[in-house]
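This briefing looks at how parts of a model meet, first within a chain and then between chains. Please read it alongside the sequence and the coordinates.

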Amino acid sequence: MNEIAYQPEFQTSVNFTKEKKKQRISNLIKGILFLLPSILLFGVFLFYPMGKTIYLSFFLTDNRGDPTVFVGLENYVKIFQSSNFLQSLKSTLLFALFTVPGTILVSLVLAILANEKLRGIGVFRTIFSSTMGISVAAASVFWMFLFHPTIGWLNRIVEAMGFEAVGWLTDPDWALLSVSISTIWMNIGFTFLILLGGLQSIDSYLYESADIDGAGYFYKLRRITIPMLSPTLFFVLTVTLINAFQTFGQVDMLTRGGPQNETNLIVYSIYQEAFMNYQFGTASAQAIILFIIILLLTLVQFKLGERKVHYQ
Amino acid sequence: MKAVECIDISKSYDKQKSVLDQISFSIEEGEFYVLVGPSGSGKSTLLRMIAGLEEISSGMLRMNDKVVNHLPPKDRKLSMVFQNYALYPHLTVEQNILFGLRAKKVDKKEQQKRLLETAEMMGLTDLLKRKPKHLSGGQRQRVALARSVVSRSPICLMDEPLSNLDAKLRAHMRVEIRRLQRKLGLTMIYVTHDQIEAMTMGDRIMVLNDGKIQQIGEPITLYNEPANLFVASFIGSPKINLSKVNLLDQKIILECGLELALEKGDLLPLLTYKNVTMGIRAEHILPGTHENTTHLLEVVNVEQLGNETLLTFEVGKELWTAKWLGQWKVKAGEYVPVSISTKNISFFDTDTGVLIKPCMPTTEQEVVLI
């Protein structure tokens with residue numbers, strides 16, 4: 001109604017709503033154009049495989065991966081009855097429990113040490129972050145030598161101290177721990193670098209002010225460093241947790257899931273199911289379960305984290 | 001007793017260029033001492049050395065007659081307000097104020113008592129549960145002050161605490177800080193680059209430039225008898241008008257040809273110097289009347305401030321500013337009569353910048369007349 005009322009006054013009146021709509025559409029097209037490369041890449045390598053996995057998880061397949069018989073949710077029922085899958089779930093959870101706190105704690109200590117302003121600290125920063133540049137395969141080979149039952153350094157040290165040699169990768173009680181240790185070592189580089197970056201972005205005035213107030217080292221650590229670092233810690237926690245659930249390389253290289261399936265982590269189990277046993281249906285079902293677990297964990301983390309994390 | 005005493009304090013980085021060069025001064029108990037200077041003059045470094053946040057390269061720092069060079073900041077019994085306030089963003093106002101007391105493990109009851117007292121004094125009682133993010137600039141400033149007051153340290157250091165506030169709030173906080181300092185009897189060392197802050201707040205002012213002390217004195221002394229050209233042009237707003245002059249037959253002649261007659265007594269001390277610069281404050285270039293007009297000057301710009309008028313004249317290569325009380329209807333390009341009295345002129349040695357002869361002190365009566 002208003003538009004009509006205005007028309008006599010403005011002879012060359014413009015239809016504003018129409019103009020705005022036009023602009024919005026052209027903006028949308030421009031935006032999508034900018035996103036197109038990502039949309040294409042994600043589509044081909046992420047969204048399509050994801051859809052296909054969900055589809056496959058409802059079927060039995062032949063050994064080429066083509067669906068043959070529709071079985072509905074039977075694949076899911078089957079894997080939850082399989083002791084192997086439950087075992088690998090348990091191993092994965094234990095593995096995450098070892099590696100996530102281990103990685104963060106070690107990296108945090110190293111980052112706090114490397115954040116001191118000392119002559120030659122750059123050398124230590126380089127050393128501590130260097131594992132980031134080493135591929136999982138290379139690192140695994142390196143650790144395989146360390147873990148070697150007879151010529152490995154670890155066993156030599158253990159024997160030199162008067163203990164009995166440990167079957168690091170062959171003893172079911174030790175294997176998961178050994179893989180965890182090597183994983184922590186591999187993760188440290190990245191985590192250390194992120195945490196160091198977080199530490200360096202804390203305003204030095206805060207520490208100076210605390211110095212004048214008479215705060216001691218650990219008081220400052222507890223009341224300033226940790227709270228100010230919480231967004232970074234939260235990020236690192238999320239990333240390492242997801243990484244822990246997706247671990248594959250070091251298992252494949254070090255233990256191949258053995259001994260007695262102790263280190264058969266969930267991704268390795270999916271790999272075996274799909275590419276050794278050619279059971280693409282059940283493998284897909286396992287993958288979906290893994291996806292749901294990670295999704296839920298991340299959601300819970302964000303819900304809990306929001307209360308504890310202080311964003312600037 | 002001297003609250004703080006610096007003896008030949010120097011600071012250099014990597015044993016090369018010295019940032020501060022042989023600084024010596026002393027501050028009395030309960031004094032409001034202002035360090036002023038342009039950026040890069042070393043004033044903040046000096047303050048941080050007093051606080052113990054920077055190493056002292058050489059020299060001696062004494063507090064209450066005890067050498068404190070080797071003491072960490074917490075043992076120097078002082079508090080500090082930083083330029084950006086250094087509030088802990090993850091803590092509430094209350095926790096921010098109590099941070100230091102908790103660190104020193106002060107008794108819980110005593111903590112609460114001091115907190116309430118300080119919050120009351122600073123008008124923060126209603127804001128105690130807020131985080132710094134939800135405070136305005138002025139409120140943050142007050143929290144920073146409260147944090148330093150609550151520690152009950154006898155010496156308080158401030159590093160440009162008002163530079164993040166807008167002009168109005170700054171004027172207000174100047175008064176607040178000064179009042180607080182008097183009320184608590186604090187010894188205050190206050191760093192600023194703003195000469196107005198220095199003039200209005202300080203009991204005594206130290207002017208620093210390039211790591212060297214230019215002058216120490218009361219604000220009025222600095223204004224009336226600046227020790228050198230740097231202090232003369234740094235203190236006072238609008239800036240003092242400076243021009244190089246030649247001496248000829250009991251007259252001083254400016255480069256542009258402007259002449260001023262001098263009495264013999266005033267002339268004598270100038271004769272020994274080869275190059276002389278004269279300085280005259282803006283309020284000493286008076287509007288000329290029939291009797292006392294000495295010169296006609298061309299106006300190049302007029303600034304109406306309401307209660308006073310700033311006129312800019314072109315005098316040779318220099319621009320001079322005059323501050324006239326009241327509202328003057330003058331347009332740029334006009335020639336206006338002015339009255340310049342030689343007794344209001346200070347003279348400096350151009351080569352060294354050192355003051356030769358200050359202007360005559362204005363008596364109270366004259367102040368009324370202007």
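Chain A is divided into domain 1 (2-56) and domain 2 (77-304), with bounds that come from an automatic or database domain assignment. This is a predicted model, in which local features need pLDDT of at least 70 and side-chain atom pairs count only at pLDDT 80 or more, while totals for chains, interfaces and linings use all residues. Residues are numbered from 1 along each chain as its sequence is written, chains are lettered from A in the order in which they are written, and side-chain values use heavy atoms, with hydrogens and water left out.

**Between the domains of chain A**
- The C-alpha centres of domain 1 and domain 2 of chain A lie 43 Å apart, and four residues of domain 1 are in contact (heavy atoms within 4.5 Å) with five residues of domain 2.
- The area buried between these domains of chain A (accessible area, 1.4 Å probe, lost on being put together and summed over both) is about 370 Å², of which carbon and sulfur atoms give 83%.
- On the domain 1 side, Met50(A), Thr53(A) and Leu56(A) lose the most area, together 89% of what that side buries.

**Between chain B and chain A**
- The contact takes 24 residues from chain B and 19 residues from chain A, and the two chains bury about 2,000 Å² between them, 63% of it on carbon and sulfur atoms.
- Pro89(B), His90(B) and Phe99(B) supply 27% of the area that chain B buries against chain A, more than any other three residues.
- The count between chain B and chain A is one salt bridge (side-chain nitrogen of Lys or Arg within 4 Å of a carboxyl oxygen of Asp or Glu), in which the side chains of Arg48(B) and Glu208(A) meet at 2.5 Å, N to O.
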